[in-house]
Amino acid sequence: MTSQSQGIHQLLQAEKRAKDKLEEAKKKNGCASRKEKRLKQAKEEAMAEIDQYRMQREKEFRLKQFKVMGSQSNLSEEIEEQTQGKIKELSGSYNKYMESVLKQLLNIVCDVKPEIHVNYRATN
């Protein structure tokens with residue numbers, strides 16, 4: 001009977017060790033599971049923060065783009081006005097000085113003074 005009680009005692013000790021190992025494995029697995037959950041939660045929080053930052057930057061970009069594009073359309077209108085003003089100014093100047101310039105040009109063209117060129121040699 002001693003051998004039987006000794007065998008039962010060994011069997012109980014083996015069961016206890018197995019049970020302890022199972023509990024230890026469950027604890028480790030539980031820690032790993034908690035770590036995985038925490039990592040997953042951290043990843044989700046990071047993605048939410050990234051999305052929020054992206055939306056903020058896109059909003060700032062759209063504002064800057066609107067300012068630039070708005071000022072470009074204003075700039076083109078301003079340039080168009082300046083161009084029209086310059087055209088009117090040049091047309092007025094043309095009309096004002098056209099006759100006097102034409103008279104000067106005709107005087108120069110029609111006032112021919114025939115002269116012999118300095119390099120001309122008389123041949124005889």
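A salt bridge is taken here as a side-chain nitrogen of Lys or Arg within 4 Å of a carboxyl oxygen of Asp or Glu. In this predicted model, a search of the whole structure for such contacts finds 3 salt bridges.

One of them joins Arg-54 to Asp-51, with the closest N and O atoms 3.2 Å apart; the two residues stand 3 residues apart in helix 1, a separation of about one helical turn. Both partners are partly exposed, Arg-54 having a relative accessible area of 44% and Asp-51 a relative accessibility of 36%.

A salt bridge is also formed between the side chains of Arg-57 and Glu-60, at an N to O distance of 3.0 Å, and here again about one helical turn separates the residues, which are 3 residues apart in helix 1. Arg-57 is partly exposed at 45% relative accessible area, and Glu-60 likewise counts as partly exposed, at 30%.

Glu-58 and Arg-62 meet through their side chains in a salt bridge of 3.8 Å, N to O, and these residues, both in helix 1, lie 4 residues apart, or about one turn of the helix. Relative accessibility is 38% for Glu-58 and 47% for Arg-62, so that each counts as partly exposed.

Apart from these charged pairs, a nonpolar patch is found on the surface, where Tyr-94, Met-98, Leu-102, Leu-105 and Val-109 together present about 490 Å² of accessible area. Of this group, Tyr-94 is placed in helix 1, which spans residues 2-110, and Tyr-94 is classed as exposed because its relative accessible area is 52%, the cut-off for that class being over 50%.

Conventions:
Residues numbered from 1 in each chain as written. Predicted model: local features only at pLDDT ≥ 70, side-chain atom pairs only at ≥ 80, totals over all residues. Heavy atoms only, no water. Patch = residues over 30% accessible without salt bridge, like charges linked within 9 Å, V, L, I, M, F, W, Y side chains within 5 Å. Areas by Shrake-Rupley, 256 points an atom, 1.4 Å probe, with all protein chains shown as cover. Buried < 20%, exposed > 50% of the residue type's maximum accessible area, 1.4 Å probe, protein only.
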